[in-house]
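Student: I would like to learn how to read the features of a model like this one. Could you take me through them in turn?

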Amino acid sequence: MSVDRHGRGFRGPLAWPPVPAMRSRSAQFDELVLDGVESLEGRLKRSLDGIEFAVEDVPSTDPPPWEADLALGRAHPAQRGRAARVVLYRRPIESRAAEDADLTDLVWEVLAEQVAHVIGIHPDDLED
């Protein structure tokens, strides 16, 4: 705390305590992705350390020709010297979710689909 130079006494704290409302939308989205990865590891009963996870705001402007719609995520298999990579696109996913519960479900679906592609299983195998 600091003293007001006009002699009015102590001022409030210099930084507010972190509360959920103060986190940015991108930080909240990142947390949803991390929670989804932990959930996947529990369902698969194995670690996903060999896969890099990333969040980007939007997909690149040059989508592959086989993607007719805006991509929600992409999976890049491991290549020589590079780990497998799963990328989720925050804004397209957020734009399709009407409320927070829908966002959580959609993040899970996209994440499960991309991870299933990387590890070579069908996405339905990750459902309850």
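Tutor: We will go from the fold to salt bridges, a strand residue, a loop residue and a pocket. This is a predicted model, in which local features need pLDDT of at least 70 and side-chain atom pairs count only at pLDDT 80 or more, while totals for chains, interfaces and linings use all residues. Residues are numbered from 1 along each chain as its sequence is written, and side-chain values use heavy atoms, with hydrogens and water left out.

Student: Which elements make up the protein chain, and in what order do they run from the N terminus?

Tutor: Helices (H or I, at least four residues) and strands (E, at least two) are DSSP runs, numbered from the N terminus. Here there are three helices and three strands, and their order is α-β-β-β-α-α.

Student: How do I read burial and contacts for the protein chain?

Tutor: Burial goes by relative accessible area: buried is under 20%, exposed is over 50%, and partly exposed is in between (1.4 Å probe, protein chains only). Of the 128 residues in the protein chain, 30% count as buried. A contact means heavy atoms within 4.5 Å. Among contacts with a separation of 6 or more, 58% are between residues 24 or more positions apart.

Student: How many salt bridges does the structure hold?

Tutor: A salt bridge is a side-chain nitrogen of Lys or Arg within 4 Å of a carboxyl oxygen of Asp or Glu. The structure holds four of them. One of these joins Arg25 and Glu94, with the closest N and O atoms 3.4 Å apart. Arg25 lies in helix H1 and Glu94 in helix H2, so this pair ties together parts that are 69 residues apart in sequence.

Student: Are Arg25 and Glu94 buried or exposed?

Tutor: Arg25 is exposed, with a relative accessible area of 57%. Glu94 counts as buried, at 13%.

Student: What other partner does Glu94 have in a salt bridge?

Tutor: The side chain of Glu94 also meets that of Arg90 in a salt bridge (3.0 Å, N to O). These two are four residues apart in helix H2, so about one helical turn separates them.

Student: What surrounds Arg90?

Tutor: Arg90 lies in helix H2, which covers residues 90-96, and is buried at 8% relative accessibility. Leaving aside residues up to four places away in sequence, Arg90 touches Arg25, Ser26, Phe29, Val55, Glu56 and Asp57.

Student: Which residue forms a salt bridge with Glu52?

Tutor: That is Arg85, the closest N and O atoms being 3.4 Å apart. The pair links distant parts of the chain: Glu52 sits in strand S1 (residues 51-56) and Arg85 in strand S3 (residues 84-89), 33 residues apart. Glu52 is partly exposed at 41% relative accessibility, and Arg85 is partly exposed at 29%.

Student: What does Val55 touch?

Tutor: Val55 is found in strand S1 and is partly exposed, at 28%. Not counting residues up to four places away in sequence, Val55 touches Phe29, Asp30, Val33, Leu88 and Arg90. Val55 and Leu88 are 33 residues apart in sequence, with their C-alpha atoms 4.9 Å apart in space.

Student: Where is Lys45 placed?

Tutor: Lys45 is in the loop between H1 and S1. Its phi is near 55°, a positive value in a residue other than glycine. Lys45 is exposed, at 72% relative accessibility.

Student: Which element gives the largest share of the lining of the largest pocket?

Tutor: A pocket is found on a 1 Å grid over the protein atoms alone: an open set of points where a 1.4 Å probe fits, with protein on both sides within 12 Å along at least five of seven lines; lining residues have an atom within 4 Å of a point. The largest share of the lining, four residues, comes from H1. Among the lining residues are Arg25, Glu94 and Asp100.
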